[in-house]
Amino acid sequence: MDTDAHRLESSLWVGRKRYRAVLNGWHFSWTLLDKQNRDRKTVSVPVSELIGVEEGQVEFQPQKKVTETDRDFTVFSIKRHCKGGGSGVFWTLGRTQFYCPSRDLRDRWVTQLRNALKTHSPSRPHRLLVFINPFGGKKRGRKIYHSLVAPLFELAGISTHVVVTERANQARDHILKKDLTGFDGVVCVGGDGMFSELLHGVIGRTQQEAGLSEHDPTVTLQPCDLHIGIIPAGSTDCVCFATVGVNDPVTSTLHIIIGDSQPLDVCSVHHTSLFVRYSVSLVGYGFYGDVLAESERYRWMGPLRYDFSGCMVFLSNRSYRGKVYFLPADSQLSSPRDNTRCFAGCHVCSESTERLFPQSDSISHTGFLYSTQYSQHSSPWEGEWETVEGEFKCISLTCMSSCCPRSPLGLSPSAHLADGTADLILVRDTHPLGFLTYLHRHTNSQDQFDLPFVEVHRVKAVRFSPPPGEDEAEQLDDPDSGGTVMAEDDGQGETAAGGDWTGSAQHLSARVQERGVVGTKKRAKRDFLCGPCCRRSPSVSVWNCDGELLPFTEVLCRVHGQLVRLFARGIEEEFVTCNGTLGKKNFKGRYITHT
Ligand SMILES: Nc1ncnc2c1ncn2[C@@H]1O[C@H](COP(=O)(O)OP(=O)(O)OP(=O)(O)O)[C@@H](O)[C@H]1O
């Protein structure tokens with residue numbers, strides 16, 4: 001036997017087989033020995049992927065059962081599986097029970113392994129604030145949390161404060177107003193709507209504490225220390241899928257337990273001098289806005305409403321005039337057509353961390369690296385704005401690939417999670433078959449940007465203006481518009497792209513609180529489509545911002561690099577399954593395994 005502060009080595013038994021076990025600080029491994037003491041198969045687990053170490057013989061499933069013994073200890077760790085179809089890497093809880101020749105040795109192993117966990121995995125959360133939406137998705141949030149998630153938190157020694165929400169925006173308001181001392185992160189059990197509540201709460205609170213105005217798009221917002229965890233339990237769980245690779249509550253829980261930290265770019269959407277919303281996945285005008293507006297009429301259909309509305313909107317064959325201004329990102333660093341993918345450990349994103357936060361110890365993964373010396377006053381509008389004018393089927397801005405089970409490569413397959421940019425996709429008016437080809441290519445590996453009516457740009461900011469005379473104010477007077485409540489132009493901020501957008505934020509803030517909600521609901525009711533043959537085509541569409549309708553047509557969007565951090569690590573490109581096979585993502589976004 002060999003021990004020092006970082007290392008422990010001895011013989012151990014798993015069942016009736018003898019192993020040479022070694023803990024060398026970063027890894028715990030055990031190698032099967034044959035009768036001649038020759039090494040056979042080795043299992044190696046990074047200390048960072050250990051979930052817990054317990055004395056005795058401990059069963060976890062179907063429920064926790066402890067048999068106290070002097071010489072046994074049980075190690076729980078992460079195991080990877082690739083389920084049928086190869087659509088993602090699922091994490092489950094692995095369990096190995098070791099037998100030691102003496103109690104003294106057993107105690108040493110338990111102590112050393114627990115010390116190694118503390119030393120080499122310091123960013124694990126100790127206390128979490130959990131919000132459960134009992135009505136999200138199939139209304140299984142509470143059950144998912146209590147049966148799958150809470151027992152794992154308990155095993156890992158994480159304490160929680162659980163809030164089952166009773167109304168929309170309760171989670172956001174709680175984060176904005178209540179004392180959060182002692183919490184290392186906030187977790188939602190729900191869908192993208194719940195995630196959005198946490199996003200707004202965490203960003204809003206951080207800016208309040210830093211004394212920054214969210215309304216001024218020129219202000220560089222303060223990155224948030226508090227991590228966000230997502231336990232997927234909604235009808236749309238796109239953010240979880242695009243940052244973890246699967247929608248699986250156990251996989252997400254294990255990412256939270258080991259304190260994974262994935263920075264995420266966030267887009268702030270403004271209307272004149274007014275902050276409207278944050279988005280991480282889609283700010284879409286035209287087709288995607290119309291589908292959302294239409295789907296509100298069919299809520300009773302459940303998730304099916306999106307498919308139904310998609311067909312209706314497609315058949316209505318709409319396109320919208322407008323002017324798009326955008327600030328291109330540095331094309332030397334990356335491009336939306338460079339065929340790269342943002343996987344766990346992405347070098348484009350980690351180089352961006354150094355560029356975005358030059359004063360920080362950038363490679364630290366503790367997540368607490370930004371708190372100090374972050375300049376709020378560097379100019380966000382460096383570079384030349386470009387303009388595209390025309391008639392568009394859809395305009396989409398996405399900070400991430402926005403991949404999902406139906407579209408394994410996503411809206412923009414080469415987009416990065418944390419490089420401080422977003423991809424702007426402009427689909428010009430075309431015949432319905434052309435547009436159908438564009439939509440269909442999202443579901444296979446064909447390049448959706450390789451079409452003559454599609455262009456894509458990597459950008460730092462975007463501004464959209466509807467044609468003159470087609471703004472919201474006019475719609476108020478238009479009896480055919482369905483009475484959509486829109487904002488009056490207060491005359492501020494309407495300058496050239498990249499001009500002065502600061503102004504009467506406080507005054508407008510109250511207005512958006514009121515109009516944001518009212519406007520959204522009224523717009524949803526608006527007679528947007530009346531079947532494939534419409535009474536009258538509206539001249540403006542509506543913006544879909546991560547599944548919420550915006551009450552304004554004229555918007556300015558700015559990307560804030562790595563503004564928040566999730567308990568995630570990005571999609572794993574390569575992995576070793578629990579039975580030793582190597583899995584790798586192929587060009588179609590599916591996993592294939594080799595022995
Ligand atoms: N107790 C509650 N009652 C009503 N609404 C709630 C409650 N808790 C949260 N919400 C709201 O419900 C919305 C949808 O929740 P969530 O995203 O969890 O489920 P979902 O099934 O994916 O929903 P959707 O597909 O409509 O986005 C969120 O925007 C959230 O603000």
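The model is predicted.

**The helix pair**

Start with helices H3 and H4. Their axes come within 8 Å and cross at roughly 20°. Angles under 35 degrees count as roughly parallel, and H3 and H4 are therefore roughly parallel to each other. Their crossing is right-handed. The table shows which residues meet.

| Helix | Span | Residues in the H3–H4 contact |
|---|---|---|
| H3 | residues 170-177 | Ala171, Arg172, Ile175 and Leu176 |
| H4 | residues 192-210 | Met194, Glu197, Leu198, His200, Gly201, Val202, Gly204 and Arg205 |

By class, this contact of H3 with H4 has 6 nonpolar, 3 polar and 3 charged residues.

**The nonpolar core**

Now turn to the core. The largest nonpolar core has 134 residues. Which residues have the most contacts inside it? They are Cys188, Leu198, Val202, Cys267 and Val564.

Take Cys267 as a case. Leaving out residues up to four places away in sequence, Cys267 touches Tyr278, Ser279, Val283, Leu397, Cys399, Ala422, Cys557, Arg558 and Val559.

**The buried helix**

The buried residues include Phe287, Tyr288 and Val291. Asp290 and Glu294 are buried in H7 too.

Key
Residues numbered from 1 in each chain as written. Predicted model: local features only at pLDDT ≥ 70, side-chain atom pairs only at ≥ 80, totals over all residues. Buried ≥ 20, exposed ≤ 12 C-beta atoms within 10 Å, placed from the backbone. Helix = DSSP H or I, 4+ residues; strand = E, 2+ residues; numbered from the N terminus. Core = buried A, V, L, I, M, F, W, Y, C linked by C-beta atoms within 7 Å. Contact = placed C-beta atoms within 7 Å. Axes fitted to C-alpha atoms, helices over the stretch in contact; angles between N-to-C directions. Parallel < 35°, antiparallel > 145°, perpendicular 65-115°, else oblique. Left-handed = near helix turned anticlockwise from the far one by under 90°. Nonpolar A, V, L, I, M, F, W, Y, C, P; charged D, E, K, R; others polar.
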